[in-house]
Amino acid sequence: AGFATRVWGWTYTHRLPRAGRPTEYVARERQRLLEMLGVPITRPRTSVSVTPEERNAGRALLEMHGIIHGEVVVGLVLSSAEQAREWPPDHFATLANALAAERMRPVALETPGDEAKVLRAMARAPAIVRVAVPGLREFLGALTACDVLVSGNTGPAHMATAVGVARATICGPEPPAAWAPADDPSVIALRATWATALGRVTSDDPRYSTITSEVPPGAVLDAVRRLVDGERARAGR
């Protein structure tokens, strides 16, 4: 089973058209391939196992950087695999200052290659706590110590959903519907107003590289507030 694409579509006995179909969450789209083969499916949910030891290590890592247990921690990931998916460091700085003013702790989870962007944001927002996480498992442990993750539409955003951490995801060329489960209240996907109703924006569009920058920090702050309130309500606090 596979997609009815021009190059490899002929190799499949069961083909799922992509053209002309509405955009849907990628996990649900892949389930449709299984349905074509008669495989029973359930609600599409991703998951990644993080051991208790890794969770404890993540919490200890943040505590080493002055994060007190019980504080609302907002993780920030500044990089993505593609520049067009990245939210500007200056926007992250503005958001971090606003979070600090509301007694939330902005924590930059610095993965390899992020240093210049994190330092640029910190120059405008000293409240940012810089935490280096050079390895995947270290990142996952630190991620579980966060209440919310803010990032572009990149791998760490989907890791957050897989480990049960709420996320505010700033979407660029890719439509939010493809990368955010619509029925999950712990996920808020944001996109430039003009692009909201569009599918994928291709690189020949002159606005391609500015889509994420058009999402204002105030909108992301509001999303973080809603996610924190939602998590508190679900926890009965």
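Predicted model: local features only at pLDDT ≥ 70, side-chain atom pairs only at ≥ 80, totals over all residues.
**Contacts, burial and ring pairs**

Let me start with Thr154, which, once its neighbours within four places in sequence are left aside, is in contact with Ser79, Ser80 and Ala81 (contact means heavy atoms within 4.5 Å). Residues are numbered from 1 along each chain as its sequence is written, and side-chain values use heavy atoms, with hydrogens and water left out.

Where does Thr154 lie? It is found in the loop between strand 6, residues 148-152, and helix 6, residues 155-163 (helices are DSSP runs of H or I with at least four residues, strands are runs of E with at least two, and both are numbered from the N terminus). Thr154 is buried, with a relative accessible area of 10% (buried is under 20%, exposed over 50%, partly exposed in between, with a 1.4 Å probe and protein chains only).

After helix 6 comes Gly164, and the phi of Gly164 is positive, near 85°.

Now to helix 1, which holds Arg28. Is Arg28 buried or exposed? Arg28 counts as buried, because its relative accessibility is 18%, and, again leaving aside neighbours within four places in sequence, Arg28 is in contact with Glu35, Ile41 and Pro44.

Leu37 sits in the loop that runs between helix 1 (26-36) and helix 2 (52-64), and with a relative accessible area of 45% Leu37 is partly exposed. With neighbours within four places set aside, the residues in contact with Leu37 are Ala1 and His14. For a sense of distance, Leu37 and Ala178 are 141 residues apart in sequence, and their C-alpha atoms are 23 Å apart in space.

My last topic is the aromatic rings. A pair of aromatic rings is described by the distance of the centres and the angle of the planes. How many aromatic pairs does the structure hold? There are two (rings of Phe, Tyr and Trp, the last by its six-membered ring, pair if their centres lie within 6.5 Å, and planes under 30 degrees apart count as stacked, over 60 as edge-to-face and the rest as tilted). The pair formed by Trp8 and Trp10 is stacked, because the ring centres are 6.5 Å apart and the planes stand at 25°. Both of these residues, Trp8 and Trp10, are exposed. Trp8 has its place in the loop between strand 1 (2-3) and strand 2 (15-16), and it counts as exposed because its relative accessibility is 53%.

The other pair is made by Trp87 and Phe92, whose ring centres are 5.0 Å apart and whose planes stand at 80°, so this pair is edge-to-face. Trp87 is buried at a relative accessible area of 1%, and Phe92, with a relative accessibility of 1%, counts as buried.
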